[in-house]
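Please look over the sequence and the structure shown here before reading on.

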Amino acid sequence: DYVHSRGLKLGIYTDVGYMTCARRPGSLGHEYQDAAAFASWGVDYVKIDWCYSQGLDARTQYGIWRDAIASSGRPMVLSICDWGVNAPWEWASESGNLWRTTGDIAARWSSVTRILDRNTRYASVAGPGRWNDPDMLQVGNKGMTYEEQRTHFSLWAMMAAPLIAGNDIRNMNSETLSILLNREVIAVDQDPLGVQGTPIWDDGHGLQVWLKPLADGSRAVVLLNRTTEPADIGVTWEMIGLPAGAAVV
């Protein structure tokens, strides 16, 4: 009730196996019982991990969770977290609302770019109600520069990724707030067309142009320099499918 009174949603974590990754009790064999408990607590979002799942079939187990949540009587987002090891992009949309495509993220630029490249492979399966999840944001955590964090946030928005803050929201400096509260970037992420943006140009040396079509017919564009040196990146109207003389806002 307190969380909801603050205008927020309540999430909880469990595991398909008999233990969670932190070796606490998992939900194997108790899916319906746990879903009913979560519903009674007013939970809005359930993340279900894949630790201690030896011998289990991911598609089957997450299907059980889908049915358990449906039987609870409360709509809850089902976040599938099998780290992409069971190719969830091929089946997870029948059970969950989002699914991890990679292993865990870290607050390092190399981790961000590794996940960026992996998550991009599955862009075609994303859409409203079915999202590729490249893991939570590392904005506000030590390990990246301000420019790297800002780029990280912009790229997650371009990929229509769930924007889940992975920092301590009780203690945020002005730089962190300026990134996480950027309404224009958030609007790109939340665009109702639900297309996952992708690179449309790559020079092979770390310079890229990314494109994300938006519901109103406009385009979101990112000019990405993945190197450590300044560089010029150009883009034409033709490259992004707009007529000459279109406006930049």
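What follows is a short briefing on one helix pair and on several salt bridges.

This is a predicted model, in which local features need pLDDT of at least 70 and side-chain atom pairs count only at pLDDT 80 or more, while totals for chains, interfaces and linings use all residues. Residues are numbered from 1 along each chain as its sequence is written, and side-chain values use heavy atoms, with hydrogens and water left out.

**Helix packing**

- Helix α4 (residues 109-120) packs against helix α5 (residues 146-158) at an angle of about 15°, their axes being 11 Å apart.
- That angle makes α4 roughly parallel to α5, a term for angles under 35 degrees.
- In the contact (heavy atoms within 4.5 Å), Trp109, Val112, Ile115 and Leu116 of α4 meet Glu148, Thr151, His152, Leu155 and Trp156 of α5.

**Salt bridges**

- The structure holds seven salt bridges, each a side-chain nitrogen of Lys or Arg within 4 Å of a carboxyl oxygen of Asp or Glu.
- Aspartate 117 and arginine 226 form one of them, with their closest N and O atoms 2.9 Å apart; aspartate 117 lies in helix α4 and arginine 226 in the segment after β8 (219-225), so the pair ties together parts that are 109 residues apart in sequence.
- Another salt bridge joins the side chains of aspartate 135 and arginine 100 (3.4 Å, N to O), and Arg100, Asp104 and Asp135 are linked in a network of salt bridges.

- Aspartate 135 counts as buried at 6% relative accessibility, as does arginine 100 at 1%, where buried means under 20% relative accessible area.

How values were computed. Axes fitted to C-alpha atoms, helices over the stretch in contact; angles between N-to-C directions. Helix = DSSP H or I, 4+ residues; strand = E, 2+ residues; numbered from the N terminus. Parallel < 35°, antiparallel > 145°, perpendicular 65-115°, else oblique. Buried < 20%, exposed > 50% of the residue type's maximum accessible area, 1.4 Å probe, protein only.
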